[in-house]
Amino acid sequence: MSSDAAHFTDFKSDTRPTWCPGCGDFGTMNGMMKALANSGSDPENTFIVAGIGCSGKIGSYMRSYALHGVHGRALPVGIGVKLANPDLEVMVAGGDGDGYSIGAGHFIHAVRRNVDMTYVVMDNRIYGLTKGQFSPTSREHFETPTSPSGPQQAPLQPLALAYSAGGTFLGQTFASHAQRHTETLEAAIEHDGFSLVNVYSPCVTFNDVDTYDYFRDAMVDLAETDHDPTDEATAKEKIMDFETVYEGVIYQDPDSVSYDNRLGLSGSMADLPDGAPDGIDQLVDEFK
Ligand SMILES: Cc1ncc(C[n+]2csc(CCOP(=O)(O)OP(=O)(O)O)c2C)c(N)n1
Ligand code: SF4
């Protein structure tokens with residue numbers, strides 16, 4: 001970690017976003033940059049792994065180490081990055097399609113492996129990049145070009161799925177509620193383990209149902225209640241309440257110990273033990 005604290009604007013790259021004006025992804029990204037800066041990270045110790053989708057472009061818009069992965073495969077890449085260099089602050093970001101549809105298998109196993117990283121899902125309840133097909137979190141009767149009568153299936157519940165897979169940190173935010181979004185991400189970064197933050201990031205172009213107005217009216221801010229996220233019984237009630245859209249840290253296991261800490265990993269690939277190959281050239285030579 002650098003001795004000079006980074007300002008959140010240090011995490012902004014020079015690349016101009018091509019997101020539609022008003023896209024929720026702008027607010028999601030701003031909160032990520034602020035949370036990273038507030039928690040003492042800087043671009044030199046941060047690695048963003050991005051999925052494929054409008055949301056996946058975030059890796060180019062932030063200044064840090066970054067990798068724009070294959071659709072649905074950002075999480076295993078993020079796990080690899082963290083285990084290779086536990087000193088890095090690893091954030092994985094992508095859409096609801098990327099994480100809960102094609103990437104659902106990786107999602108479940110990433111949750112249960114509990115590697116210390118933060119997973120930001122920009123949930124707009126639609127496939128944005130490919131122009132408006134329904135996603136796993138779309139409402140049952142949401143009409144799209146690929147679902148003229150609605151998907152006719154109940155939406156997937158990301159928090160409940162993650163809880164059942166052994167999730168140790170479950171948060172949910174709204175891109176437009178900047179302060180709560182940032183605070184929740186900070187708590188996620190500080191948590192020792194895999195943190196899921198499902199961020200409602202409205203798609204203003206293809207989703208006219210799950211709008212800013214809808215989330216503004218619907219969201220119940222847990223920080224304004226006496227909710228204790230470490231009280232598992234009450235957290236579970238909220239996780240299983242599919243009628244209410246909660247905001248904030250919903251559940252946190254205070255005893256979580258990340259996979260990397262259980263393995264006693266620290267340092268980086270630069271600190272290889274004696275006798276280990278000292279560089280990529282030597283490794284390549286060995287496997288020729
Ligand atoms: C293997 C593979 N299958 C399908 C696609 C096409 N594709 C690109 S992005 C995407 C879904 C995007 O939706 P989401 O993940 O919710 O992100 P958003 O664009 O809404 O941010 C799909 C199906 C692809 N790029 N690769
Ligand atoms: S299509 Fe939707 S998700 Fe994609 S940039 Fe535009 S508003 Fe955002």
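In the residue classes used here, Ala, Val, Leu, Ile, Met, Phe, Trp, Tyr, Cys and Pro count as nonpolar, Asp, Glu, Lys and Arg as charged, and the others, Gly among them, as polar. Keep in mind throughout that this is a predicted model.

Begin by selecting ligand 2 together with the residues that surround it, namely Trp 19, Cys 20, Cys 23, Asp 25, Cys 54, Asn 124, Gly 128, Cys 203, Val 204, Thr 205 and Phe 206. Coloured by class, this shell shows seven nonpolar, three polar and one charged residues.

Next, move to ligand 1, which has 18 residues around it, the closest being Gly 53, Ser 55, Gly 95, Gly 97 and Gly 128. Two elements each give two or more residues to this shell, strand S3 (89-95) and helix H4 (96-102), and the largest share, three residues, comes from H4. By class, the shell around ligand 1 is made up of six nonpolar, ten polar and two charged residues.

Finally, select Pro 145, which you will find in the loop that lies between strand S4 (117-123) and helix H6 (158-164). Is Pro 145 buried or exposed? Pro 145 counts as exposed because it has 10 C-beta neighbours inside 10 Å, and the exposed class takes in residues with 12 or fewer. With the neighbours within four places in sequence left aside, Pro 145 is in contact with Gly 132 and Gln 133. If you then display Ser 135, which is ten residues from Pro 145 along the chain, the C-alpha atoms of these two residues are separated by 12 Å.

Note on methods:
Residues are numbered from 1 along each chain as its sequence is written. Chains are lettered from A and ligands numbered from 1 in the order in which they are written. This is a predicted model: local features need pLDDT of at least 70, side-chain atom pairs count only at pLDDT 80 or more; totals for chains, interfaces and linings use all residues. A residue is near a molecule or strand if its C-beta atom, placed from the backbone, lies within 6 Å of it. Helices (H or I, at least four residues) and strands (E, at least two) are DSSP runs, numbered from the N terminus. A residue is buried if 20 or more other C-beta atoms lie within 10 Å of its own, exposed if 12 or fewer, and partly exposed in between; C-beta atoms are placed from the backbone. Two residues are in contact if their C-beta atoms, placed from the backbone, lie within 7 Å.
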